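Dear colleague,

Please find the structure below, handed over for your reference. A short account of the findings comes after it.

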Amino acid sequence: MPGIDKLPIEETFEDSPQTRSLLGVFEEDAAAISSYSQQLFQAMHRIYDAQNELSAATHLTSKLLKEYEKQRFPLCSDDEVMSSTLQQFAKVIDELSSCHAVLSTQLADAMMFPITQFKERDLKEILTLKEVFQIASNDHDIAINRYSRLSKKRENEKVKGEVMEDVYTSKKKQHQTMMHYFTALNTLQYKKKISLLEPLLGYMQAQISFFKLGSENLTQQWEDFLSDIGTSVQNVRREMDGEVDVMQQTIQDLEQASDLLYMPDPDPTQVPVNRNLTRKAGYLNTRNKTGLVSSSWDRQYFFTQGGNLMSQARGDVAGGLVMDIDNCSVMAVDCEDRRFCFQITSFDGKKVAILQAESRKDCEEWIATINNISKRIYLSENPEEIAARVNQSALEAVTPSPSFQQRHESMRPSTHGRPRAARTSSVSSGGSETASPAISVLSLDTLVASDTPIQFDIISPVSEDYAGQAKSAGQGRTNPFGESGDMPAEENEDSILHQLFIVRFLGSMEVKNTDSSDVIYETMRQILAARAIHNIFRMTESHLLVTCECLKLIDPQTQVTRLRFPLSSVVVCATHQENKRLLGFILQTAEGQGDGRPVTVCYIFESNNDGEKICDSVGLAKQIAFHSEMDRKATEKKKEQDKVKEKQQEELSKQKQIEKDLEEQSRLIAASSRPNPPAAGADGQFLVLSHSQSEDSDAGVEGREKRESEA
């Protein structure tokens with residue numbers, strides 16, 4: 001026979017809407033079985049009544065046939081053959097009547113008894129358990145609601161103890177009742193087949209016995225068939241008995257294992273928190289605003305599905321989307337009227353959900369699970385292993401590590417007098433290092449300024465006193481965020497690069513060394529450790545705008561620029577070696593301190609996406625700015641060269657004009673120094689020049705042409 005569907009007893013403690021929906025299917029099946037069994041019972045009862053009627057009628061017929069000879073008919077009253085024949089018929093019919101009586105008894109035992117027992121015992125047991133389960137479920141809901149409404153400000157230990165005892169008793173009663181109810185419904189699937197097959201088998205066997213008493217003509221084929229049916233019924237019965245034993249053992253194991261979980265707030269030492277989950281489901285109270293200042297709490301079943309948070313109310317077939325929790329932020333919040341609350345903010349900050357868990361352990365597991373989903377760990381092949389490694393790295397990142405010098409002394413070779421080399425090893429997220437014997441490690445004081453304060457929040461420049469800033473700038477002090485008091489009046493809006501990222505400010509502190517990204521790793525470790533030690537969970541979310549001129553932190557609500565970093569002052573930008581969402585950059589201000597040294601500050605942020613994209617964008621902006629500067633310098637140099645050439649051309653033109661003027665002047669002087677004979681006589685005759693005068697004239701022309709060529 002095919003496999004039989006079963007209700008999962010292991011999920012009775014969770015009592016999810018999916019389990020309730022599956023329970024509803026089994027309850028509908030039980031109702032259908034009850035209706036069909038009632039009809040089948042009525043039909044079989046008619047067969048039984050008919051068989052009893054047939055047995056009584058057959059017996060009456062036999063009796064009437066026996067009394068035939070006592071009858072006095074007016075005609076043919078002395079027919080002995082007829083009387084003898086009827087006596088034989090009476091004898092046969094009497095035997096048949098006895099057979100029918102035996103058949104009626106067999107039908108009562110083999111057909112009516114099983115179906116009557118199934119109808120009166122098994123189906124009524126299902127109805128009784130259903131009513132008890134409904135009462136237990138309602139009592140548990142009332143107890144949980146009363147426990148959730150416990151006052152946080154005024155705690156009465158007696159009332160609290162009574163409420164917790166009530167929750168424990170109702171939860172245990174509901175769990176046990178639900179397990180027995182599920183067992184009964186699972187068993188019903190087997191009893192349904194037995195209740196259908198066993199009466200039919202009894203009916204057929206009774207009929208066969210009846211026919212065997214009257215005739216030996218029953219074929220072996222029917223006997224084999226009925227024998228197979230009987231064997232199948234026995235196998236189902238044995239399987240049912242084995243499954244009932246397994247379910248009873250499961251109930252005992254679950255009762256022992258779930259005893260600690262019946263308490264609404266179990267002891268974390270006995271039930272530890274699992275921070276490596278990438279999927280979670282359970283009941284939470286969600287806060288819904290009913291007015292400007294009023295709100296209500298509704299209890300719903302929440303579960304994660306991939307990167308989505310879903311909710312489902314009892315009675316719903318499927319769940320609905322609450323929000324997308326990819327790249328979201330989650331943190332514990334302190335509500336005035338409720339305990340164990342946490343807040344989820346979507347990646348764009350437009351949707352916020354405040355939820356209440358049933359216990360501190362449940363609250364911490366929900367926060368850890370949503371954090372793991374926010375990092376998209378669920379997309380990997382082994383999400384729980386990766387989540388365990390990420391959480392271990394975060395735990396090591398907030399654990400104070402020994403000084404760099406102490407770790408260096410433990411790794412130094414025995415050879416003394418070796419000069420210290422520059423640090424080249426990289427620091428991991430937990431502060432561990434790898435160093436060769438020939439390489440030493442810089443001390444912590446060379447990376448981070450001693451006793452330097454950590455800034456955990458962004459102070460908008462609008463709220464600062466600019467007069468005080470100008471006064472402090474005159475005394476050699478600078479803005480702690482690396483900004484000068486004078487902001488550019490107008491920035492270039494035609495920048496080639498405009499990239500916007502969503503980041504959250506974790507903190508900033510002054511550093512000393514800017515040679516490598518190890519400074520950023522150490523700053524991350526100190527800021528995360530300080531946040532963990534001082535329980536600082538709030539982070540300022542901003543939009544980071546990367547352009548070719550500067551980096552801007554913009555308020556996402558008001559679009560006001562909170563901070564502005566000139567791109568030229570960004571020295572190093574790097575992401576965390578394991579948690580790529582953490583990034584930082586070092587800013588070196590132009591103005592110095594009182595001793596004339598520049599101020600170097602390291603800023604740490606958390607991004608929604610991969611932080612390497614932001615670092616690549618900053619690197620691209622610096623490259624574009626560098627090439628733009630080179631192009632600008634080349635253009636200016638070309639303009640200067642063009643100006644020099646134009647100036648040389650102007651000077652050459654002036655020189656030529658001066659030479660022409662001198663030549664014209666010399667020609668005029670030469671012409672004025674010679675006599676001016678008349679070109680023709682008065683009588684109209686022309687003057688004939690001599691040969692010497694002609695040669696002098698030719699020599700003067702040649703000399704003039706030679707001077708012109710030399711010029």
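This is a predicted model: local features need pLDDT of at least 70, side-chain atom pairs count only at pLDDT 80 or more; totals for chains, interfaces and linings use all residues.

Residues are numbered from 1 along each chain as its sequence is written, and side-chain values use heavy atoms, leaving out hydrogens and water.

The structure contains 26 salt bridges (a side-chain nitrogen of Lys or Arg within 4 Å of a carboxyl oxygen of Asp or Glu). One of them joins Lys6 to Glu243, with the closest N and O atoms 3.2 Å apart. Lys6 lies in the segment before helix H1 (17-66) and Glu243 in helix H4 (residues 220-257), so this pair ties together parts 237 residues apart in sequence. Helices here are DSSP runs (H or I) of at least four residues, numbered from the N terminus. Glu243 is buried, at 17% relative accessible area, whereas Lys6 is partly exposed at 42% (buried is under 20%, exposed over 50%, partly exposed in between, with a 1.4 Å probe and protein chains only).

Helix H10 (residues 611-673) includes Glu646, which is exposed at 52% relative accessible area. Within H10, Arg667 and Glu663 meet in a salt bridge (3.8 Å, N to O); they are 4 residues apart, about one helical turn. Glu663 is buried and Arg667 partly exposed.

In helix H9 (residues 518-534), 13 of the 17 residues are buried, so H9 is largely enclosed by the rest of the structure.

With kind regards

Notes: Helices (H or I, at least four residues) and strands (E, at least two) are DSSP runs, numbered from the N terminus. The expected span of a helix is 1.5 Å times one less than its number of residues.
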